[in-house]
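Student: I would like to go through this structure with a few questions. Please show it first.

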Amino acid sequence: MNMETGNTTVQTSCKQCGICCAKGGAALHSGDLSLLRDKNILLSDLITIRKGEFAYNPVTDTVQATQNEIVKLRGSGREWTCCYYDVNSCGCTIYDHRPLACHALKCWDPDDSLALVESDLLSRNEILADNESMQRLVREFEAACPLPDFAYLFQKMKNVSTDNIVTLEQSVNSDLEFRDRVVKESAEVSREEMFLFGRPLFQLLQSFGFDVFQSGSHLRLHLQAP
Ligand code: SF4
Ligand code: SF4
């Protein structure tokens, strides 16, 4: 709804244009746990932004290293648009069971939304509280495939040495080998890979300006010229 104030039109309610849903799925908070327990939202529809990954922070209006792990609704296909947004009906397919962050979304008055950013977030460990074997798998992954220090890497991008690139290539391939192995062993892990492990490291490095190419059975990295 819009209100006329003099010559200006002031928005006062949601027009259901879907622009916010097209910018990406909502992050999940502690109050959303029941939506997962009741299977209103499936783990296969989640993606994890691991602590230290670079992501857009609407509070600072910059892309920066995340201070906490963020579990959020995934996009649809290769698009950012939330997987629960139906482009045909221009609506949310889980409207009655949408997460807290979606309830707080008011583009005309973003204070409630901004207050939720990186606050009281749900972690993989909390979501998997009653699934010890999956908790263990996530711990194994984090121990075997830690993220590089993206904040440091971002600062040093102009002076990345050959040794740095070789180390990153080893990490990229370890990450893929771990995923390949566990995904082959379990259909559940395969479905929930993006929730359990987040995006593969090689995809994350592409946004730092690395080209990725195949060499035999391994991936190699090449830093694009500035
Ligand atoms: S909150 Fe704003 S951007 Fe989101 S659907 Fe409503 S009007 Fe559109
Ligand atoms: S759950 Fe619904 S309201 Fe929330 S971002 Fe997705 S489509 Fe939009």
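Student: Is Arg179 buried or exposed?

Tutor: This is a predicted model. Arg179 sits in helix 8, which spans residues 162-185. The cut-off for burial is under 20% relative accessible area. Arg179 has 2% relative accessibility, so this residue counts as buried.

Student: Which backbone oxygen does the side chain of Arg179 reach?

Tutor: Leaving out residues up to four places away in sequence, Arg179 touches Phe141, Glu193, Met194, Phe197, Gly198, Arg199 and Pro200. Among these contacts is the residue asked for. At 3.2 Å, the side chain of Arg179 reaches the backbone oxygen of Arg199.

Student: Which residues touch the most other members of the largest nonpolar core?

Tutor: In general, nonpolar side chains in soluble globular proteins tend to be buried together. The largest nonpolar core here has 25 residues. Those that touch the most other members are Ile41, Leu46, Leu196 and Phe197.

Student: Which helix gives the largest share of this core?

Tutor: At least two residues of the core come from each of helix 2 (33-37), strand 6 (70-73), helix 6 (132-144), helix 8 and helix 10 (193-197). The largest share is 4 residues, and it comes from helix 6.

Student: What does Leu196 contact, leaving aside neighbours within four places in sequence?

Tutor: Leu196 is one of the core members with the most contacts to other members. With those neighbours set aside, the contacts of Leu196 are Arg124, Leu128, Met134, Val138 and Val189.

Student: How many nonpolar residues are in the shell around ligand 2?

Tutor: The shell around ligand 2 consists of Cys21, Leu73, Cys82, Tyr84, Tyr85, Cys92, Ile94, Pro99 and Cys102. It has no polar and no charged residues. The nonpolar count is 9.

Student: And how many charged residues are in the shell around ligand 1?

Tutor: Around ligand 1 are Gln11, Cys14, Lys15, Gln16, Cys17, Gly18, Ile19, Cys20, Leu105 and Cys107. Of these, 6 are nonpolar and 3 polar. The charged count is 1.

Student: What separates the C-alpha atoms of Ser123 and Glu69?

Tutor: Ser123 lies in the loop between helix 4 (111-116) and helix 5 (124-127). Beyond residues up to four places away in sequence, Ser123 touches Glu69 and Val71. Ser123 and Glu69 are 54 residues apart along the chain, and the separation of their C-alpha atoms is 6.3 Å.

Technical notes
Residues are numbered from 1 along each chain as its sequence is written. Chains are lettered from A and ligands numbered from 1 in the order in which they are written. This is a predicted model: local features need pLDDT of at least 70, side-chain atom pairs count only at pLDDT 80 or more; totals for chains, interfaces and linings use all residues. Side-chain values use heavy atoms; hydrogens and water are left out. A residue is near a molecule or strand if one of its heavy atoms lies within 4 Å of it. Ala, Val, Leu, Ile, Met, Phe, Trp, Tyr, Cys and Pro count as nonpolar, Asp, Glu, Lys and Arg as charged, and the others, Gly among them, as polar. Buried means under 20% relative accessible area, exposed over 50%, partly exposed in between (1.4 Å probe, protein chains only). A polar contact is a pair of N or O atoms within 3.5 Å; within protein, one must be able to donate a hydrogen and the other to accept it, and residues adjacent in sequence count only if both atoms are side-chain atoms. Contact means heavy atoms within 4.5 Å. A nonpolar core is a set of buried Ala, Val, Leu, Ile, Met, Phe, Trp, Tyr and Cys residues joined through side-chain atoms within 4.5 Å.
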